[in-house]
Amino acid sequence: GGCALYLHKKIIPGNQITAEDSQHNMVAVYIESLHTLIAAVYRPPSSSDENFIHIMDKLQAMIDVHGEGETTPDLYILGDFNLPLFDWTSCSIPSCPPSAAYQRLMDLVEKNFLSQVVCEPTRLNNTLDLILTNRPHYVLEVNTEETILSDHRLVECLLGFNPTASTN
């Protein structure tokens, strides 16, 4: 497990947070010039709900700080969430009592009007690796492919704009 975010040298990061415990990792960065917040999250399969909720609360606090004002930032929250019972086609959690981790992620999705754009399984028959965004219309293409580096499929996302292009 673990998280990393790499930015092009033309993209200047602003406010950054990291959160980790013995199980979870998250790194998030706000890019002021793009009014965009990008976060990478790792939640292991058998992790505690309490620690995951704490990580999600920190992420929501950062979203709230940068969402004050007239417009909400573009949000891209991605990573290995290891929550196989989600039904992303209907954006629902199972009717049996889900763990608090499922409910906290659903709360984040609903509060921030997020869409999950990975439509293929990323490990066996489960979609565990997610890309959540409040700007799904910017996503042109999402692909998954086998890799020798992991038991999960590699997820690639193509956005319909170039954030490093000059606006002049």
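Which residues lie nearest the centre of the largest pocket? They are A4, L5, A40, L78 and V155, among the 34 residues that line this pocket. A pocket here is an open set of points on a 1 Å grid over the protein atoms alone, where a 1.4 Å probe fits, with protein on both sides within 12 Å along at least five of seven lines; lining residues have an atom within 4 Å of a point.

Colleagues, before I continue, a word on the model. It is a predicted one, in which local features need pLDDT of at least 70 and side-chain atom pairs count only at pLDDT 80 or more, while totals for chains, interfaces and linings use all residues. Residues are numbered from 1 along each chain as its sequence is written, and side-chain values use heavy atoms, with hydrogens and water left out.

The largest pocket has a volume of about 1100 Å³, a volume being the space filled by probe spheres set on the points, which are joined across faces, edges and corners. Strands β3, β4, β6 and β8 (154-159) each supply at least two lining residues; strands are DSSP runs of E, at least two residues, and helices are runs of H or I, at least four, numbered from the N terminus. The largest share of the lining, five residues, comes from β3.

Buried means under 20% relative accessible area, exposed over 50%, and partly exposed in between, with a 1.4 Å probe and protein chains only. This core has 29 residues, of which L37, M56, L59, I77, F81, L105 and L132 touch the most other members. Elements that each supply at least two of its residues include α1 (49-67), α2 (100-111) and β4 (74-80). L59 touches M26, A28, L37, A39, I77 and L108, leaving aside residues up to four places away in sequence; contact means heavy atoms within 4.5 Å.

Finally, two backbone details. H35, in the loop between β2 and β3, has a positive phi of about 45° although it is not a glycine. L124, likewise not a glycine, has a positive phi of about 55° and counts as exposed because its relative accessibility is 68%.

Methods: Core = buried A, V, L, I, M, F, W, Y, C linked by side-chain atoms within 4.5 Å.
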